[in-house]
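Have the model open as you read.

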Amino acid sequence: MLFDLKMLNKKESIACAASSEDIAQSNALILKTTNCGASWKKVYQSSRPFETIRKVSFPMRNTGYVTIQSYNPNPEEKQQRIAKTTKGSETWQELNLVSDTKAREFSYGFTDALPGYAGNVSQGFATSYGGVTWTPVDIGRAANKIRFYTTKTGKQNGYSIGINVYKLGIILHYPCF
């Protein structure tokens, strides 16, 4: 299963995927090509079943984040995770998002390497520390797109899009609401 694609340049891309179409057998999977898609190599695979990679956000060339979406039906498996690269997608490190079986994440949005948002089924989370720690925030339910833009005057705005559209406001190195 493939869910998202990020073109890093004319030759390099990463694909957000799952290792199997059977979700019970699936691990979260990231594939990378350096030759315009002629061949792909695995650069990350989780070790847990019931996982996929849904979305990717690269706020800077070498720094990227992906959602590790868990469909594990076991209520004891509460930890939700993300994966982060600081090596331009060659290696990935898992980081904890929240311990909540219902917090299936959908999307990320980052303005640079540190401040960003994660959208999930019931609420959102904000980080000022590149995903090391997260704080619950209201960015709407089922936020599956988070986008930022800079006006001609340099003001930065952000929006989360899910069941509703939320304006996130100016993003600096901390969340502002």
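## Thr-85 in its strand

Thr-85 sits in strand E7, which covers residues 79–85; strands (E, at least two residues) are DSSP runs numbered from the N terminus. Because its relative accessibility is 0%, Thr-85 counts as buried (under 20% relative accessible area, with a 1.4 Å probe and protein chains only).

This is a predicted model, in which local features need pLDDT of at least 70, side-chain atom pairs count only at pLDDT 80 or more, and totals for chains, interfaces and linings use all residues. Residues are numbered from 1 along each chain as its sequence is written, and side-chain values use heavy atoms, leaving out hydrogens and water.

## What Thr-85 meets

The side chain of Thr-85 reaches two backbone nitrogens: that of Lys-87 at 3.1 Å and that of Ser-89, also at 3.1 Å. Not counting residues up to four places away in sequence, Thr-85 touches Phe-58, Asn-62, Thr-63, Gly-64, Glu-90, Thr-91 and Trp-92 (contact means heavy atoms within 4.5 Å).

## Two nonpolar cores

A nonpolar core is a set of buried Ala, Val, Leu, Ile, Met, Phe, Trp, Tyr and Cys residues joined through side-chain atoms within 4.5 Å. The largest one here has 14 residues, and Ile-14, Ile-30, Tyr-44, Ile-53, Val-66 and Trp-92 touch the most other members. Strands E2, E3, E4, E5 and E6 each supply at least two residues of this core, with E5 giving the most, three.

Leaving aside neighbours within four places in sequence, Ile-30 is in contact with residues including Ile-14, Tyr-44, Ile-53, Val-66 and Trp-92. Another core of 11 residues lies apart, among them Tyr-65, Ile-82, Leu-97 and Phe-125.

Conventions:
Helix = DSSP H or I, 4+ residues; strand = E, 2+ residues; numbered from the N terminus. Buried < 20%, exposed > 50% of the residue type's maximum accessible area, 1.4 Å probe, protein only. Polar contact = N/O pair within 3.5 Å; in protein donor to acceptor, adjacent residues only side chain to side chain.
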